[in-house]
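Reader: Could you walk me through this model and say what stands behind the terms you use for it?
Author: Gladly; have a look at it, and then ask away.

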Amino acid sequence: MDIMNDPLFDGIISLKLEFQELKSHIEVLTLRYGRSILTDAITSKIDNIIKDVDNLIDSYQNIMQVTCDQNQYKIFEDRLMLLKGQRDILTVFFEALNQHLNIINQINNKEILKCIENFKKDMITLANSHISLTNQEVCLLYSSTYKMTPLLADKGVFIVAMPIYDLRAPWYWTLISHEIGHIFHFQKSREVDGKLLPILARYLIEKAPEHVKRSGYVNDFIQMWRYHWLSELISDLFGCALFGASFTTSFISWLQKVNILEIENTHPPIEARVFVQLKYINEICPKDMVKLCEQYWNTLCRSVKDPRSQLGYPFDYEILEYIVNVFKELIPDPPIAKISDKILKIKKALDAERIEREEPLVMICGLAISEKKLELREDVLKAITEDL
Amino acid sequence: MKLYRCISLYSNSDKNKIGTMSVQWIYLSRVWNLCEWGKIAGEALTALSMLRLADRRKINLEIVQSKLKRVNELLNFLAEEIKSIGEIADRYDIRLSDISSPTLKTFLDLYGIANSQDAIKRIAMLNEILKNILEGKYDEEEIDSLERFLRAILRTSTNEVEKLMRPSDTVWIL
């Protein structure tokens, strides 16, 4: 076979160039903005793939010079396609990194960025007995929304992102804890799934309404719980375990919508998510925090919820309560217990238009539940940045 | 209440991005893993072809063996998933493939396996075949049998990744 005139071979050698190009862009970013654990991790990932492409080139040359077997050709095509898929994924993260570095260089007020970075660090310290980050780091990127990926976990990095538009809305910074919750679930998935999946499956099978059984949706629901919904609820509860009401009120405010019972393919209904949080907060937080969350949620419900409608299969209240109970066993000493009194004290002072000094994380959490959050936002940020 | 027919496990079909915290990136890592399983299968298939060519060409047996050894990782991954959902499927009389990942589903469908015991037995058989090949005690039939399994895994990975790369379903070309 004339391999020099084969589109497949051209595709493979071009792919190697493409990965090298991507690597050179990372190097430019490193030169411009400095080396970081994230640039190192992406570079290392690219190097691994370049080795895979080299292996593909070698095997193609070895085999296609001897045989023109169509099956062999298809195998090489498939291998090329998978490597292209990985190229596209790495490009997403290159773009995300590029965008992030541009943003932090465009922002004049570097102190706000330092505040957020410190907030993230303090949050991880608060969570450190529940997530294991001995040889790993959490990198926070400024992006389009709150998200997380364990893609670079094997290279020592968890990437977490928050939206650029929330930089100056510090009460939403607490939502990053939901993303840290995904890291928690990622690390504990065997334990969490082992405890919960059998019970969830039993519930989904035994409680399925007749029309659901007939239409064959039960297995689909098992899949959705397994792949999406459980992870979201566990991450929500993790947010509560760290920040209590300062997470839940921000959560309600950020995700509010008219249809709080709507099931999304990837996320449970808002009502189910808030239900588990309220249940959990009721067990681990001071009464004042519980009351605050309930009032906040009820205000939304009064306006958007049809009083006759309530959660049902596949999100019945009893299964949601069971999830909360299992989560309580996973985190027997929630970090919020250590800071809830301080948060409430800050909130009380802010409500009285007084700014009291505390650790920055506590001040942000206090601001998140204060009635005066809009008015005092700048003052609180100023107080925090003065201490930087 | 709205009911949804099963969506692709790895894609995010939600059009409303607000309210979907953390979705897309999590999928990317799942797609990445799917690519990795496909690559292991693909490289092992190529290694088996090299073994067949060994009498005609000088080949580096060390590389061939290292690529074949990685099939163990794939088999362990399948065994882990069977362990995690097998009991549920058996206890409630659910077809195992109805609640499996695309990779495990392919394996189960390939051999027409419905329960976890049969699945584990088949994994053990594949492990045995792999061990024989690695020790050089194989026959053509064994190579054919391992190839059949690897080809199915490679095809599924490629199909799933291709599906996700189409703009309509994609999670990363927004």
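**Terms and the values behind them**

Author: Let me start with chain B: of its 174 residues, 40% count as buried. Please keep in mind that this is a predicted model.

Reader: What makes a residue of chain B count as buried?
Author: The test is 20 or more other C-beta atoms within 10 Å of the residue's own. In chain B, 40% of the 174 residues count as buried.

Reader: How many helices and strands does chain B have?
Author: Chain B has six helices and zero strands. Along the sequence the pattern reads α-α-α-α-α-α. As for its contacts between residues at least 6 apart in sequence, 60% join residues at least 24 apart.

Reader: What makes a set of residues a nonpolar core, and which residues have the most contacts inside the largest one?
Author: Core residues must be buried, be of a listed type such as Ala, Val or Leu, and be joined through C-beta atoms within 7 Å. The largest nonpolar core has 160 residues, and those with the most contacts inside it are A:Val160, A:Leu237, B:Val31, B:Ala41 and B:Ala44. Helix 1 of chain B, residues 23-53, supplies the largest share of this core, with 16 residues.

Reader: Which residues does B:Ala44 touch?
Author: Leaving aside residues up to four places away in sequence, B:Ala44 touches B:Lys67, B:Leu68, B:Arg70, B:Val71 and B:Leu150.

Reader: Why is helix 8 of chain A called mostly covered?
Author: Helix 8 of chain A spans residues 245-255, and eight of its 11 residues are buried. The buried ones are A:Ala245, A:Ser246, A:Phe247, A:Thr248, A:Thr249, A:Ser250, A:Phe251 and A:Ile252. They pack against helix 5, helix 7, helix 9, helix 10, helix 12 and helix 13 of chain A.

Reader: Why are helix 8 and helix 10 of chain A called roughly parallel?
Author: Helix 8 and helix 10 of chain A pack at an angle of about 5°, with their axes 9 Å apart. Angles under 35 degrees count as roughly parallel, and these two helices are therefore roughly parallel to each other.

Reader: Which residues meet there, and what makes up the contact of helix 8 with helix 10 of chain A?
Author: From helix 8 of chain A come A:Ala245, A:Thr248, A:Thr249 and A:Ile252; they meet A:Met289, A:Leu292, A:Cys293, A:Tyr296, A:Trp297 and A:Leu300 in helix 10 of chain A. By type, the residues of this contact are eight nonpolar, two polar and no charged.

Reader: Where do the domains of chain A lie?
Author: The domain assignment gives domain 1 (3-106), domain 2 (111-166) and domain 3 (170-337). Taken over C-alpha atoms, the centres of domain 1 and domain 2 of chain A are 26 Å apart. Their contact takes 11 residues from domain 1 and 11 residues from domain 2. On the domain 1 side, helix 3 of chain A has the largest share, six residues. That side divides into seven nonpolar, three polar and one charged.

Reader: How many residues do chain A and chain B give to their contact?
Author: Chain A gives 47 residues and chain B gives 51. Helix 3 of chain A gives the most to the side of chain A that touches chain B, with 11 residues. The residues of this side are 20 nonpolar, 16 polar and 11 charged.

Technical notes
Residues are numbered from 1 along each chain as its sequence is written. Chains are lettered from A and ligands numbered from 1 in the order in which they are written. This is a predicted model: local features need pLDDT of at least 70, side-chain atom pairs count only at pLDDT 80 or more; totals for chains, interfaces and linings use all residues. Helices (H or I, at least four residues) and strands (E, at least two) are DSSP runs, numbered from the N terminus. A residue is buried if 20 or more other C-beta atoms lie within 10 Å of its own, exposed if 12 or fewer, and partly exposed in between; C-beta atoms are placed from the backbone. Two residues are in contact if their C-beta atoms, placed from the backbone, lie within 7 Å. Domain bounds come from an automatic or database domain assignment. Ala, Val, Leu, Ile, Met, Phe, Trp, Tyr, Cys and Pro count as nonpolar, Asp, Glu, Lys and Arg as charged, and the others, Gly among them, as polar. Axes are lines fitted to C-alpha atoms, for helices over the stretch in contact, and angles run from 0 to 180 degrees between N-to-C directions. Angles under 35 degrees count as roughly parallel, over 145 as roughly antiparallel, 65 to 115 as roughly perpendicular and the rest as oblique.
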